[in-house]
Amino acid sequence: MLDSIINAFTKGDLADLNSKMLHSAYWGQHNAKFYGSEKLNMILGNWFALTGKCTVLAHQTIKQNNHYVVYLTFEPTNKNGTINYVFWLETNQLMVKSVLAIVDTVQLAALNQDSPEKVSDNLPSTDPLVISDYDQQDNLQNNIAWPSNLISKQAQNVEILDQWWAIWSQKQLANINTLYNDDAVINLPGDKHPQKRERLFEFVLSKINTLTRMFTQIEDIAIEGQDVAIKWFLDGDEGENKIRLPFITLLKIENSKITVDTTVCDILAFNKNFSTSHVFKQPTA
Amino acid sequence: MNHKTVPTNNVMHLPQGEVTQLYWKNLPELLNPSNPKSQLLRGFDDEFIDIVDYIVRITHRIWEQKNVGLCNDYYAEYCPVHTLGAYADAVSSVVTGTLQTISAFPDRSLIGENVIWRDLGPNEGYYSSHRITSIMTNKGPSEFGDATHKTGRVTTIADCICVENKIVYEWLVRDNSFLVKQLGIDVLDASEHFAKIPAHPKFENWRQAEISRVKAQEPSEHQWKAPIDKAAVEFSNRWLDTLFNQKNFGKANTFYHLNAKLQWPGGRQAVGIPGIIGTIIQWLAACPEAQVTCDHVCTVPFDQEKDVIDIAIRWSLTGSFSSKDKRLSMYRGQEFFILGASHLRLVDGKISEEWTVFDEVAAYANLIRDFNRTNHNTGAQ
């Protein structure tokens with residue numbers, strides 16, 4: 001499956017990846033779902049238009065049950081820069097039922113020296129989304145998912161994952177210093193190069209300071225050894241508007257410390273969906 | 001759950017585990033099944049191996065291969081078809097409707113997501129609840145307005161009673177509000193356009209009778225004595241009654257997993273209990289006194305080793321419309337009626353995924369029709 005994805009996105013081998021997709025499979029990307037025979041044509045057509053031919057600089061996979069998570073860093077042959085791309089597959093190892101893919105669109109725009117707006121304009125329309133308003137407080141009902149609720153209590157690193165989740169769900173920023181290795185590698189959306197953990201502090205803080213009634217929800221977790229993939233989203237209010245920002249985070253946990261955190265989200269698709277949002281915009285004077 | 005072979009009414013029911021399951025099967029395999037027959041299928045063509053195979057292949061032949069005339073073979077001459085916006089009972093109407101839909105959406109392809117079924121007994125046939133994702137481009141005038149030339153996606157649930165190779169009764173629900181939004185049409189504009197299409201008198205009779213029935217909390221007349229997993233029926237009734245009738249949303253955690261995923265009409269998406277509760281509350285707020293009845297339940301195993309089952313529920317809801325939306329405010333106090341269908345996937349006894357489908361466009365169109373009829377009768381402007 002890994003080779004099929006790499007060959008599709010580096011060489012344009014559409015047929016091989018297509019042969020592994022069920023007729024009923026969908027490809028979710030840029031906050032839209034694509035079904036039918038045209039889905040891969042469209043995804044790969046847009047990809048090569050922006051990157052040209054490219055190679056894979058680094059890859060990582062995490063496999064658990066029917067979850068297969070592939071993280072690839074691409075390097076275009078004729079352009080400077082790299083692009084982070086995560087594919088979350090539902091597969092029975094033979095066929096793919098669904099793909100949720102997040103590509104770092106800010107990195108894509110930087111690669112082409114295009115304005116983000118130009119890349120954003122070329123993204124497909126997002127699916128209609130209604131986020132019904134809700135009470136984001138738990139009210140002592142234990143209704144909110146923590147990693148330890150979704151994975152076996154005996155699983156490795158359960159407590160660390162709960163503490164990591166507290167950074168986002170309870171705004172417990174102090175956990176960044178206690179959980180992350182001093183020289184942990186932090187890859188965040190839109191960043192051209194890996195950062196130190198202080199950058200994560202700023203990234204979380206910027207969301208806390210922009211949004212009210214912030215709420216985070218875990219969708220799925222996949223664990224293989226010391227590698228963990230978490231599919232999750234962040235909801236919040238910006239004035240009268242409610243926003244939703246989907247993420248995939250990949251963690252490497254070594255000796256009870258997080259040594260690598262790669263968090264991806266599709267900033268330009270988000271800005272297209274929530275055009276009045278300031279989550280990823282610098283405030284203007 | 002007992003999925004072993006058990007004799008009922010002197011008929012040996014075959015195990016459910018052998019019946020076709022769509023989820024991991026590719027289309028060529030579904031269209032050319034190689035497995036032996038797994039159900040009795042009395043009176044059905046020999047080519048079909050089970051009810052799922054029958055539904056999948058006739059749907060493909062009629063819609064994707066465009067053999068619209070096959071409706072004459074696979075629908076009974078008299079076949080009541082209920083939607084929230086119309087009624088038909090002649091096979092010729094089914095042919096006409098299919099042709100008109102294909103004309104407006106010529107590349108419509110139907111992807112079978114799931115068929116949840118029930119063996120109704122040797123003389124009663126089968127109940128099937130077919131969830132479909134359709135992708136289609138609007139190239140001609142439709143019930144929502146002029147052609148938009150845009151491509152959209154829609155979820156449909158078709159509940160059918162199939163007897164001796166023919167569909168003899170159907171309830172059809174489609175998430176039209178999600179579709180029209182993708183076509184660039186405002187939901188209420190689509191409803192106003194839809195309301196101009198005259199409703200069949202039998203449709204109005206059926207809708208009024210259903211409103212009275214649901215208010216009285218009476219069961220649907222379509223009931224069968226065929227065996228069914230009592231736990232699934234009990235869960236379905238309790239789910240609807242607790243959340244929709246009693247409005248006890250604090251009990252949602254007894255029905256849903258903490259990361260349960262929900263798809264509701266119009267693009268309502270939620271994951272997790274707070275979001276799911278919010279979705280139901282926000283929708284019910286437009287009809288706070290709503291009452292619901294559970295009209296039919298069927299269930300099949302999805303993964304017997306891991307205690308995963310699929311449940312299909314057909315339900316009806318009515319109540320006094322009380323929306324605070326400005327454009328809908330003139331319809332306050334009118335009877336609101338929904339024909340709904342839900343597919344639930346339960347893991348270890350709780351919902352991990354829910355797909356609920358009803359037609360908001362038709363529901364609002366019915367309010368508009370009632371409003372216009374009342375004002376026409378009273379001479380009000």
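In this predicted model, domain 1 of chain B and domain 2 of chain B bury about 4,200 Å² between them. Carbon and sulfur atoms account for 62% of that area. On the side of domain 1 of chain B, the residues that lose the most area to domain 2 of chain B are B:Leu84, B:Ile116 and B:Arg118, which together make up 20% of what that side buries.

- The domain assignment of chain B places domain 1 at 7–198 and domain 2 at 206–378.
- Taken over C-alpha atoms, the centres of domain 1 of chain B and domain 2 of chain B are 21 Å apart.
- Domain 1 of chain B contributes 47 residues to the contact, and domain 2 of chain B contributes 47 residues.

**Polar interactions**
- Between domain 1 of chain B and domain 2 of chain B, 23 residue pairs are in polar contact, counting pairs with both residues at pLDDT 80 or more.
- Four salt bridges are found across the interface of these two domains of chain B.
- A salt bridge joins B:Asp186 and B:Arg327, with 2.9 Å between the closest N and O atoms.

**The side of domain 1 of chain B that touches domain 2 of chain B**
- At least two residues of this side come from each of β5 (109–121), β6 (125–137), β7 (151–163), β8 (166–174), α5 (176–182) and α6 (187–195) of chain B.
- The largest share, eight residues, is supplied by α6(B).
- By class, this side has 21 nonpolar, 15 polar and 11 charged residues.

How values were computed:
Residues are numbered from 1 along each chain as its sequence is written. Chains are lettered from A and ligands numbered from 1 in the order in which they are written. This is a predicted model: local features need pLDDT of at least 70, side-chain atom pairs count only at pLDDT 80 or more; totals for chains, interfaces and linings use all residues. Side-chain values use heavy atoms; hydrogens and water are left out. Domain bounds come from an automatic or database domain assignment. Contact means heavy atoms within 4.5 Å. Buried area is the accessible area (1.4 Å probe) that two parts lose on being put together, summed over both. A salt bridge is a side-chain nitrogen of Lys or Arg within 4 Å of a carboxyl oxygen of Asp or Glu. A polar contact is a pair of N or O atoms within 3.5 Å; within protein, one must be able to donate a hydrogen and the other to accept it, and residues adjacent in sequence count only if both atoms are side-chain atoms. Helices (H or I, at least four residues) and strands (E, at least two) are DSSP runs, numbered from the N terminus. Ala, Val, Leu, Ile, Met, Phe, Trp, Tyr, Cys and Pro count as nonpolar, Asp, Glu, Lys and Arg as charged, and the others, Gly among them, as polar.
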